Amino acid sequence: MSAATTRSRTARTPVPDRLCAEAVDLAREAAEEAAAPGVVGEHVGVVSEGDRVVTHYFESKEPGYRGWRWAVTVARASRAKNVTLDETVLLPGTDALLAPEWVPWSERLRPGDMGPGDLLPTEAEDLRLEPGWSGEDEPPPNSAVAGELAASADARDAEPADRPVAATSRGSIASVAEELGTRRARVLSRYGLYEAADRWDEAFGPRTPMAQAAPAACVSCAFLIPMAGSLKQAFGVCANEFGPADGHVVSLAYGCGGHSEAAVMPKPPQPAPHALDTMRVDAYPLRPEVDGGPDPAEADGASKDLGRS
């Protein structure tokens with residue numbers, strides 16, 4: 001049993017060829033030729049790759065490649081004494097500093113990463129989108145529906161517009177769709193609609209800590225702007241500049257401390273009128289009037305003469 005195990009291990013890991021294992025100088029010259037001068041370090045090991053095939057490993061001193069090793073593989077032909085070079089590569093070791101696993105840009109992109117001038121392409125089979133009006137359902141030119149559209153278009157006065165003229169004839173479904181602003185190559189699919197609703201509900205929904213501590217929900221807030229379409233029954237836009245969701249789509253079940261009716265400030269009390277009028281200025285004469293009584297300064301004529309002495 002022990003002999004069988006020894007033979008199995010020998011078959012899996014052959015003994016390194018003696019001449020190839022001794023070709024350390026040849027391997028070092030090859031590593032120094034492939035690398036920059038002075039970045040090939042000490043010889044750290046030798047591994048047998050097969051019959052008369054050996055790989056020599058050298059320490060790498062290249063900045064930024066910590067733990068990497070220069071691997072130089074040498075080989076020898078059967079019954080030959082000359083060792084030849086096979087390949088030279090730089091390989092990471094067990095404790096090598098490696099770059100993170102590459103992730104496609106479509107999976108790395110996060111909300112807010114786009115800047116001015118950036119373009120975000122969408123796939124042709126994007127599940128969030130579905131074909132819009134394509135013109136395939138336009139009625140034939142001689143049908144009654146097409147005649148009614150053309151008659152109503154001709155009866156209406158044409159007004160000049162700044163937008164470019166579409167390459168469609170007046171009275172067609174394409175012109176009506178262009179006028180109503182619904183002629184788009186693709187529109188939001190039901191999957192894309194549900195995906196957006198889940199994303200908005202996760203950011204500003206009833207399960208957020210802010211909503212859990214809110215005194216009331218957004219459905220009763222005066223700062224909520226209702227949305228149009230099928231989402232109006234579940235979402236709106238917050239218009240409270242002091243709220244955490246100002247300008248964002250919020251769930252009707254979301255809430256915050258800025259609710260319009262949560263804490264209405266009372267009117268300031270009006271002070272009672274003063275019992276005495278302290279604002280009016282009363283005029284008092286410095287001397288009493290002559291008809292009002294004797295003037296002490298003129299009552300005694302003798303005192304006036306005495307005052308001139």
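**Before you start**

The model is predicted, so local features are given where pLDDT is at least 70, side-chain atom pairs count only at pLDDT 80 or more, and totals for chains, interfaces and linings use all residues. Residues are numbered from 1 along each chain as its sequence is written, and side-chain values use heavy atoms, with hydrogens and water left out.

**The sheet**

Begin by selecting the strands β1 to β4, which make an open sheet in the order β1-β2-β3-β4 with antiparallel pairing. Strands here are DSSP runs of E with at least two residues, helices are runs of H or I with at least four, and both are numbered from the N terminus; two strands pair if DSSP finds at least two bridges between them. The edge strands are β1 (40–50) and β4, each of which pairs on one side only. From one strand to the next the twist averages 20 degrees, where axes are lines fitted to C-alpha atoms, for helices over the stretch in contact, and angles run from 0 to 180 degrees between N-to-C directions.

Select Arg52 in the loop between β1 and β2: Arg52 is not a glycine, yet has a positive phi of about 60 degrees.

Strand β2 (residues 53–60) is in turn joined to β3 by seven bridges, and the two run antiparallel. Colour strand β3 (residues 68–76) next: eight of its nine residues are buried, so β3 is largely enclosed by the rest of the structure. Buried means under 20% relative accessible area, exposed means over 50%, and partly exposed lies in between, with a 1.4 Å probe and protein chains only.

Which residue of β3 stands opposite Phe58? Select Trp70, which is the residue opposite Phe58, and then Leu90, the bridge partner of Trp70 in β4. Strand β4 (residues 83–92) pairs with β3 over nine bridges, and the two form a hairpin with six residues between them. In that turn Arg79 has a positive phi of about 65 degrees and, at 84% relative accessibility, counts as exposed.

Two further stops belong here. The charged end of Arg69 sits over the ring of Tyr57, 4.2 Å from its centre; this term requires NZ of Lys or CZ of Arg within 6 Å of the ring centre and within 35 degrees of the ring normal. Helix α3 (residues 24–34) lies across β1, β2, β3 and β4, running at about 115 degrees to β1, and contact means heavy atoms within 4.5 Å.

**The aromatic pairs**

The structure holds three aromatic pairs; rings of Phe, Tyr and Trp (its six-membered ring) pair if their centres lie within 6.5 Å, and planes under 30 degrees apart count as stacked, over 60 as edge-to-face and the rest as tilted. One of the pairs is Trp200 with Phe235, edge-to-face at 5.8 Å centre to centre and 80 degrees between the planes. Trp200 lies in helix α7 (residues 190–203) and Phe235 in strand β8 (residues 235–238), so the pair ties together parts that are 35 residues apart in sequence. Is Phe235 buried or exposed? At 5% relative accessibility Phe235 counts as buried, whereas Trp200, at 24%, counts as partly exposed.

Finish with Phe204 and Tyr254, whose ring centres are 5.6 Å apart with planes at 85 degrees, so this pair is edge-to-face. Both Phe204 and Tyr254 are buried.
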